[in-house]
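Visitor: Hi! Could you walk me through this one while I have it open on my screen?
Guide: Happy to, let's bring it up.

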Amino acid sequence: MIEVAAERPYAVQIGHGVLDGLGELVAGSRRVAVLYAPALRAQAARLAENIDAEVLPIELPDAEQAKTAEVLADCWDRLAAAGFTRSDAVVGFGGGATTDLAGFVAASWLRGVRLVTVPTTVLGMVDAAVGGKTGINLAAGKNLVGAFHEPAGVLCDLSLLTSLPAADLRAGLAEVVKCGFIADPAILTLVEEAPAEALDPTSDRLAELITRGIRVKAEVVSGDLREATSVGASVGRELLNYGHTLGHAIERREQYRWRHGEAISVGMMYAAALARRLGLLDATTAERHRAVLDLLGLPTAYDPGAWPELREAMSLDKKTRGAQLRFVLLNGLASAEIVAGPDEEALAAAYAEVSGHPRRG
Ligand SMILES: NC(=O)c1ccc[n+]([C@@H]2O[C@H](COP(=O)([O-])OP(=O)(O)OC[C@H]3O[C@@H](n4cnc5c(N)ncnc54)[C@H](O)[C@@H]3O)[C@@H](O)[C@H]2O)c1
Ligand SMILES: O=C(O)C(=O)C[C@@H](O)[C@H](O)[C@H](O)COP(=O)(O)O
Ligand SMILES: [Zn+2]
């Protein structure tokens, strides 16, 4: 179990059979809405058996199609029709797209009701379900509308990963690798030693990678819940945005059909190339990005002709202030800083290093 030191501290439970804990987390609610991804329909019905209340099942569209204003409004209508009150609760059961949407429903309904996240993907467990960032996408950009709304608890049942498609498991590992570069290099060694085991949903190695990833996420958000501090030497929560400036721009250009982790994989390659060009990062650590991501079969290159469009999309990144782009860049392994307004030539030259034909899972 890992604790997050939020305003109301909560636990992330990790293991096999932890879903039994759901009943306790929603105790006292008369109605519980369970928002789930279509692939989890049968498991959602079983999950509901742990709840001693009136259950309102809401099946969301798959993946990123759930993260829209239309789906959000539809959920509000469903809660209104069910007479959902402030003492009722929302459960998000699925990958990061499901828990982001469910979280925003919980954050916005009556200005905030209890939320429990039950992630079913590697990415959801190590990242999306923990830390309280919720939201939806717009055509103009990724996660542009949302709220911070911490869950009351997070249940990561590793048994759920056996049905996860291999490409989604792989994509989730991109965020784990991110945690390796920004904070816990032992993660990188665990992947380098045995990448096939890292990709095996039943392996102890994957369980350890997930636990380490959650620990990094919990520590960073506990220190800066609302991404409010990036002063002096402390990067604060923005650290978790490593690789996301270009990554989110790729997701937008692909109209959210790329997996988030795949886009972040290319985004980290870009951040490493930029940091090396700016003289911050040594060539060995930059090259290690390609080596580790390659071992996992993650993409490390993107369309050579896309730069003008990606550069424009990056202007709407949440780290941007005014006209100035801000990047989380490494100045060493597990050591990062914010670089504001790097020159346009360096930005384009770093992109040239990652431009090529993408190979995706
Ligand atoms: N809030 C945050 O802090 C945060 C952090 C990281 C990522 N995110 C968001 O998370 C999203 C990506 O999450 P994701 O990678 O989990 O993708 P996802 O939610 O789209 O899930 C991937 C696919 O796997 C299916 N699936 C999920 N669990 C399954 C299971 N156990 N068995 C079979 N199929 C299953 C889903 O239905 C979907 O088709 C992005 O929208 C990203 O922006 C949010
Ligand atoms: O939790 C965070 O903070 C992160 O930045 C984690 C990211 O992996 C995640 O993709 C997050 O949704 C990105 O947030 P955004 O604020 O850049 O939209
Ligand atoms: Zn992410």
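Visitor: Which residues touch the most other members in the largest nonpolar core?
Guide: Ala33, Val34, Leu35, Val90, Val91 and Ala271 do, in a core of 116 residues. A nonpolar core here means buried Ala, Val, Leu, Ile, Met, Phe, Trp, Tyr and Cys residues joined through C-beta atoms within 7 Å. Buried means 20 or more other C-beta atoms within 10 Å of a residue's own, exposed means 12 or fewer, partly exposed is in between, and C-beta atoms are placed from the backbone.

Visitor: And which helix gives the largest share of this core?
Guide: Helix α11 (residues 260-277), with 11 residues. Helices (H or I, at least four residues) and strands (E, at least two) are DSSP runs numbered from the N terminus. Domain 1 (2-162) and domain 2 (178-354) both contribute residues, so the core lies between them. Those domain bounds come from an automatic or database domain assignment.

Visitor: Before I go on, what am I looking at, and how is it numbered?
Guide: This is a predicted model, where local features need pLDDT of at least 70, side-chain atom pairs count only at pLDDT 80 or more, and totals for chains, interfaces and linings use all residues. Residues are numbered from 1 along each chain as its sequence is written, while chains are lettered from A and ligands numbered from 1 in the order in which they are written.

Visitor: Got it. What is alanine 33 in contact with?
Guide: Leaving aside neighbours within four places in sequence, alanine 33 contacts Leu56, Ile58, Leu79, Phe84, Val90 and Val91. Contact means that the two C-beta atoms, placed from the backbone, lie within 7 Å.

Visitor: Back to the domains. How far apart are the C-alpha centres of domain 1 and domain 2?
Guide: They lie 26 Å apart. The contact between the domains takes 26 residues from domain 1 and 22 residues from domain 2. On the domain 1 side, β1 (2-4), β2 (10-15), α5 (122-128) and β8 (141-148) each give two or more residues, and α5 gives the most, with five.

Visitor: New topic: which residues surround ligand 2?
Guide: Its shell is Asp127, Gly131, Lys133, Lys142, Asn143, Glu175, Glu227, Arg237, Leu240, Asn241, His244 and Lys318. A residue is near the ligand if its C-beta atom, placed from the backbone, lies within 6 Å of it. Both domains give residues to this shell, so ligand 2 lies between them.

Visitor: Which residues does the UniProt "binding site" annotation cover?
Guide: The unreviewed UniProt entry lists Glu175, His244 and His260. They span 86 residues in sequence, yet no two of their C-alpha atoms are more than 10.2 Å apart, so they gather at one spot. UniProt positions follow the numbering used here, feature names are shortened, and annotations may be inferred rather than shown by experiment.

Visitor: Is glutamate 175 buried or exposed?
Guide: Buried, with 29 other C-beta atoms within 10 Å. Glutamate 175 sits in helix α6 (residues 166-182). Not counting residues up to four places away in sequence, glutamate 175 touches Leu123, Val126, Asp127, Gly213, Gly261 and Ile264.

Visitor: And where is histidine 244?
Guide: In helix α10 (residues 244-253). Histidine 244 is buried too, with 26 C-beta neighbours inside 10 Å. Its contacts, leaving aside neighbours within four places in sequence, are Ile264 and Gly267.
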